[in-house]
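This briefing concerns the arrangement of helices and strands in the structure shown below.

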Amino acid sequence: MTGQYGNEPMMEMFLFETSQLIEQLEQLIISCEQSGHYTEDAINEIFRIMHTIKGSSAMMMQDSISVIAHSLEDLFFFLRENKHKAVDNSAVSDLVLEGIDLIKVELEKLKNGDNADGNSSELQDRIKAFLADLQIDTSSRATSQQKNPDNKKQQYYLSMDKKKIITAKYKNTFKATIHFEEGCEMENIRAYTIVHNVSDITDEFFHIPENLIDDDNSVVKIRQQGFQLFLKTNSSYKEVQEFFMQTLFLKELILDQIEDSEYERLRNEKQKMTDKEEHITGKQLEEHQEGNKEIQSLSSKQNVISVSMAKLDKLMDLVGEMVIAEVMVIQNPDLKGLELENFQKAARQLHKISSEIQDIVMSIRMVPLSSTFLKMHRIVRDMSKKLGKKVNLKIIGEETEVDKNVIEHIADPIMHLVRNAIDHGIESPEERLAKNKPETGTVTLEAKNAGNDVLVIVKDDGRGLNKNEILKKARANGLLYKAEEEMTDKEIYNMIFLPGFSTKENVTEFSGRGVGMDVVVRNIEIIGGSVSIDSTPDKGSVITLKIPLTLAIIDGMNIRVGSSYYTIPTISIRESFRPQEESIFTDPSGNELIMVRGQCYPVLRLHELLKVKTDITRFTDGIITIVEQDGRTICVFSDELIGQQQVVVKALPEYIRKFKKTKAIAGCTLLGDGSISLILDITGLASLKGLR
Amino acid sequence: MKRVLIVDDAEFMRMSIGTILKNHGFEIVGEAEDGIESVRKYKELNPDIVTMDITMPEMSGIAALKEIMEYDPKANVVMVTAIGQEALVREAVTNGAKSFLVKPFTEEQLINVLNKVLEI
């Protein structure tokens, strides 16, 4: 979202704010739809949002967006003024959601640096037609409501009240013709402003056009012929001129002193014209009630400020550098062997503060999953409608936070999984009833913290996975890595994540466009997470995404192999010890295994796997570290444990990543003495050895 | 320096107006994003002029205008609106708004109207 469109801060702000408003609007519409009606507060808020979007997009010269907003604003203006009217809410929702989609498309274009050149005239016509139908029914009420406009008329047409004034009271009579600046808009109200002010200096006046409020043509008349104000006053020509010259947006003033008789003649003429003009139709001028009502809106008012992502990234980087620098000071080789009590105390204090800074900076970048989750309501709504299925979306734990970078990577996978659940998982209402299940299926989207990770769970109560179908497909695509009989149910289900599993046969409009689950998996693995699935036939399926909370700074245990250093994330370590000769043995295939308290684990010789020269090849000379990652437990054999430290994970440089595919290495970092340590990825290591 | 209070619930609008005004010798003494805050800030800062969005949550521009005019009958408030809100604009004028701007407005229109209102 940062600076893709030429670093124009205004455009950035416009896109950010408008996108937020659109999201808010969408949630509002969907919740109104679910509750079955549009409350007054909802209508007001929708109206206000459309009005704001209309204004902002007009300021940014984005007419394609402005006109859609305008159409919808008109619709909701009508709904607001005619609260009692029965309206087809579903039709209204459909229209608004269509408008929202069009606006989203235009915003995307702008985000990509293209022109927002969409044509929404078709939708606009439909909205107008819908509105026209509503208005036909309403106009029949208009005749009975005409009494009210008369009351309001009284307030503004002051001159009508005062016809009885003695005309001899005033010495001078003037005619002022005022032309407003081009493009100032609402000339009728600008004219009204003058009328409002002139009543301060005299009560004998009239103007043409007379009807400035309800006559839509008055704007055109004023633009073409100017606004004519006739008045009688004791002020001098100069004073009257000064008065009119204070008019804002004034282009031209023609001020003439005229005869009293002329004034009377013109006024009588005007009166005849006004009487001939049509009755004001019952357009209710609603009293502005917003000050009295408390509008419960979905817009939460928090004390927040918006910060540029670039600044946050820089801050994260610097915090990382700070951690490294801190370690370099505290573990400096110069200090080796020295007794430094005061220094240690100060170092501990420094560490305490830098940890706090780290925590806060991490938390700044943390964003709740709620906005991503709430977007799913729209998907569920659209899909269930199109597929004729009844689906209810339950959301749990949306306040769970993840790093902002992470959110961008999991939004699409979650969307795909939800779509999949509805497309392939949830059965049709008839099928469900036949199975004695409730007609409405449930898709549950849940997020929760689990140690250093966040779990995102997509659950459905549909038909579950079909083991045989999966085995068949795996067989056909040559994806069986193990004998069928030896696979657990879970292993079979998880085969759907293998690349190449989803073939084109699976393609429906919504899911599986030949891309399938493996793209989901890839997106999650990019951010260091993992995907797994479990299922019960006819009961449903559960897909679990495990996502690391933070990518940047971890607690690590440094180890040495030969003259190379490696780091293992502490969170993966179960224990470390010097092994005994008796506990190690070799299996028939040549794999080395170790026995620990009755359990058997494979042993990885790091010096062999990573091809590092070392003198320590006998197990009893080195260290065994039991590590666990993704449910896999293995033992790693190294020369020596160096020590624990906070480690800033830096990605391997581009040229290395391109040159050699290193599954076993997750990144690199700097140690206290300045040497480089490679961070081990346990799963990657295991796969290097061919273990699964 | 001409002291302005900018009131609008859209940060984008506050930014747009603020940028233009700063380039023309105005001092932005404060911003508010709803009617209630605008009244409070007016009383606190006593700006020379206020740009006030007509439609806002919590308390509308009209209601805020009324309160400000009651507090300071000489207050200079210029309303900002999008097309199609005639009734509201008229009500604003009736309640003491000195003038109004219609979105989209140009830099020139904004500067001219504020300067003129301050002159009067």
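H1(A) and H1(B) pass each other in a left-handed crossing. The model is a predicted one. The points below treat this crossing, the contact between the chains, and two further elements of packing within chain A.

**Helix H1(A) against helix H1(B)**

- The axes of H1(A) and of H1(B), the latter covering residues 11-22 of chain B, come within 9 Å and cross at roughly 160°.
- Angles over 145 degrees count as roughly antiparallel, and H1(A) and H1(B) are therefore roughly antiparallel to each other.
- On the side of H1(A), the residues in this contact are Met10(A), Met13(A), Phe14(A) and Glu17(A); H1(B) contributes Glu11(B), Phe12(B), Met15(B) and Ser16(B).
- Sorted by class, the contact of H1(A) with H1(B) has five nonpolar, one polar and two charged residues.

**Chain A against chain B**

- In the contact between the chains, 31 residues of chain A meet 33 residues of chain B.
- Three helices of chain A, H1 (9-35), H2 (40-59) and H8 (187-198), each supply at least two residues of the side that touches chain B.
- H2(A) provides the largest share of that side, with eight residues.
- The side of chain A that touches chain B has 14 nonpolar, 11 polar and six charged residues.

**Helices H14(A) and H15(A)**

- Within chain A, helix H14 (residues 370-387) and helix H15 (residues 404-425) have axes that come within 10 Å and cross at roughly 25°.
- Because angles under 35 degrees count as roughly parallel, this crossing makes H14(A) roughly parallel to H15(A).
- The crossing of H14(A) with H15(A) is right-handed.
- H14(A) brings Thr372(A), Met376(A), Ile379(A), Val380(A), Met383(A), Ser384(A) and Leu387(A) to the contact. Facing them from H15(A) are residues including Ile407(A), Ala411(A), Ile414(A), Met415(A) and Arg419(A).
- By class, this contact of H14(A) with H15(A) has 11 nonpolar, two polar and two charged residues.

**Strands E2(A) and E3(A)**

- Strand E2 (residues 205-208) of chain A pairs with strand E3 (residues 227-233) of chain A in the antiparallel sense, over four bridges.
- Phe206(A) stands opposite Phe230(A) of E3(A).
- In a regular strand, side chains alternate between the two faces of the sheet.
- Both faces of E2(A) are covered, with Phe205(A) and His207(A) buried on one side and Phe206(A) and Ile208(A) buried on the other.

Technical notes:
Residues are numbered from 1 along each chain as its sequence is written. Chains are lettered from A and ligands numbered from 1 in the order in which they are written. This is a predicted model: local features need pLDDT of at least 70, side-chain atom pairs count only at pLDDT 80 or more; totals for chains, interfaces and linings use all residues. A residue is buried if 20 or more other C-beta atoms lie within 10 Å of its own, exposed if 12 or fewer, and partly exposed in between; C-beta atoms are placed from the backbone. Two strands pair if DSSP finds at least two bridges between them. Axes are lines fitted to C-alpha atoms, for helices over the stretch in contact, and angles run from 0 to 180 degrees between N-to-C directions. Angles under 35 degrees count as roughly parallel, over 145 as roughly antiparallel, 65 to 115 as roughly perpendicular and the rest as oblique. A crossing is left-handed if the near helix is turned anticlockwise from the far one by less than a right angle, and right-handed if clockwise. Two residues are in contact if their C-beta atoms, placed from the backbone, lie within 7 Å. Ala, Val, Leu, Ile, Met, Phe, Trp, Tyr, Cys and Pro count as nonpolar, Asp, Glu, Lys and Arg as charged, and the others, Gly among them, as polar.
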